[in-house]
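Here is a short report on a structure. Please look at the sequence and the coordinates before reading on.

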Number of protein chains: 2
Amino acid sequence: MPPTVAQHTVLPQPAREEIRIEQVLQALGDPVRLLFVRALARSPEGVACGAVPLPVTKSTRTHHLRILREAGVISMRAEGTRRLSSLRREDLDARYPGLLDGVLNASH
Amino acid sequence: MPPTVAQHTVLPQPAREEIRIEQVLQALGDPVRLLFVRALARSPEGVACGAVPLPVTKSTRTHHLRILREAGVISMRAEGTRRLSSLRREDLDARYPGLLDGVLNASH
């Protein structure tokens, strides 16, 4: 029998070159999603999806995370029963230099 | 009688410090509005609102321009019967350094 290895399944997401600026801007242009993205920006190693306090129901949270993932803003991977999110900073910085920092540095 | 002066009426818009990042991102996150903003970026002196070809009806165009203006992305002024739009680059660059260039430099 082969040794047991940790299963890391990355949920479907656009490749770097498939990311579209309109979708990224739409995904970022929501207060709840922006709150989540700011939290991820402070945790480069990734965050358990439920760990960030958001003022919405669980199903709305799932909806927001899906929009961010499908736009290419965040990456989500399943590790056992956990789902970890991380910001696709490298991909976004490569596609749109300055954009993410401009958004993250904004206080309002 | 006082001499006739040109009437330049600026349409209502948020002051620089009233601009909100979510609204700016939402306003920019639409292909038609992005097309218009890119056209303005090439014409610092301002553009007659009808002069930029957009693949939408006149009333939809008016709607899009209003969203951009109310978000603080563009400024509109009436000069006689004309309406001129210009990008609020200085205000946006002051509020969100890097954001606008990141968006404008994006090819996709």
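This is a predicted model: local features need pLDDT of at least 70, side-chain atom pairs count only at pLDDT 80 or more; totals for chains, interfaces and linings use all residues.

## Nonpolar core

The largest nonpolar core holds 63 residues. Those with the most contacts inside this core come from both chains: A:Val73, A:Leu99, B:Val73, B:Ile74 and B:Leu99. In soluble globular proteins, nonpolar side chains tend to be buried together.

What does A:Val73 touch, leaving out residues up to four places away in sequence? Its contacts include A:Val24, A:Ala27, A:Leu28, A:Val37 and A:Leu68. A:Ser86, A:Leu87, A:Arg88 and A:Leu92 are in contact with A:Val73 as well.

## Interface of chains A and B

Contact between the chains involves 21 residues of chain B and 21 residues of chain A. Together they bury about 1600 Å², and 70% of that is on carbon and sulfur atoms. How many salt bridges cross the interface of chain B and chain A? The rule finds zero. Polar contacts do occur there: two residue pairs are counted, both at pLDDT 80 or more.

The largest share, five residues, comes from α1(B). By class, the side of chain B that touches chain A has eleven nonpolar, five polar and five charged residues.

## Salt bridges

Over all chains, the count comes to twelve salt bridges. One of them pairs A:Arg16 with A:Asp91, with the closest N and O atoms 2.7 Å apart. This pair links distant parts of the chain, 75 residues apart. A:Arg16 sits in the loop between β1 (8-10) and α1 (21-28) of chain A, and A:Asp91 in helix α4 (residues 89-95) of chain A. Are the two partners buried or exposed? A:Arg16 counts as partly exposed because its relative accessibility is 32%. A:Asp91 is at 16% relative accessibility, so this residue counts as buried.

A:Asp91 also forms a salt bridge with A:Arg88, the closest N and O atoms being 3.0 Å apart. Here both A:Arg88 and A:Asp91 are buried.

In chain B, the side chains of B:Glu70 and B:Arg66 form a salt bridge at 2.9 Å, N to O. Both residues belong to helix α3 (residues 58-71) of chain B. They are four residues apart there, so about one helical turn separates them. B:Glu70 is partly exposed, with a relative accessible area of 39%. B:Arg66 is partly exposed too, at 47% relative accessibility. Back in chain A, shared partners join A:Arg16, A:Arg88 and A:Asp91 into one network of salt bridges.

## Helix α2 of chain B

Which residues of α2(B) are buried? They are B:Val32, B:Arg33, B:Leu34, B:Phe36, B:Val37, B:Ala39 and B:Leu40. The N-terminal end of α2(B) is capped by B:Asp30. A side-chain oxygen of B:Asp30 lies 2.9 Å from the backbone nitrogen of B:Val32.

## Loop and strand residues

A:Pro12 is in the loop between β1 and α1 of chain A. This proline counts as exposed because its relative accessibility is 62%, and the cut-off for exposed is over 50%. A:Pro12 and A:Arg77 are 65 residues apart along the chain, yet their C-alpha atoms are separated by 9.2 Å.

B:Arg20 is in the loop between β1 (8-10) and α1 of chain B. It is partly exposed, at 31% relative accessibility. What does B:Arg20 touch, not counting residues up to four places away in sequence? Its contacts are A:His108, B:Arg95 and B:Tyr96. From B:Arg20 to B:Leu87, the separation is 67 residues in sequence and 16 Å in space, C-alpha to C-alpha.

B:Arg82 lies in strand β4 (residues 82-87) of chain B. At 44% relative accessibility, B:Arg82 is partly exposed. B:Gly50 is 32 residues from B:Arg82 in sequence, and their C-alpha atoms are 9.2 Å apart.

Conventions:
Residues are numbered from 1 along each chain as its sequence is written. Chains are lettered from A and ligands numbered from 1 in the order in which they are written. Side-chain values use heavy atoms; hydrogens and water are left out. A nonpolar core is a set of buried Ala, Val, Leu, Ile, Met, Phe, Trp, Tyr and Cys residues joined through side-chain atoms within 4.5 Å. Buried means under 20% relative accessible area, exposed over 50%, partly exposed in between (1.4 Å probe, protein chains only). Contact means heavy atoms within 4.5 Å. Buried area is the accessible area (1.4 Å probe) that two parts lose on being put together, summed over both. A salt bridge is a side-chain nitrogen of Lys or Arg within 4 Å of a carboxyl oxygen of Asp or Glu. A polar contact is a pair of N or O atoms within 3.5 Å; within protein, one must be able to donate a hydrogen and the other to accept it, and residues adjacent in sequence count only if both atoms are side-chain atoms. Helices (H or I, at least four residues) and strands (E, at least two) are DSSP runs, numbered from the N terminus. Ala, Val, Leu, Ile, Met, Phe, Trp, Tyr, Cys and Pro count as nonpolar, Asp, Glu, Lys and Arg as charged, and the others, Gly among them, as polar.
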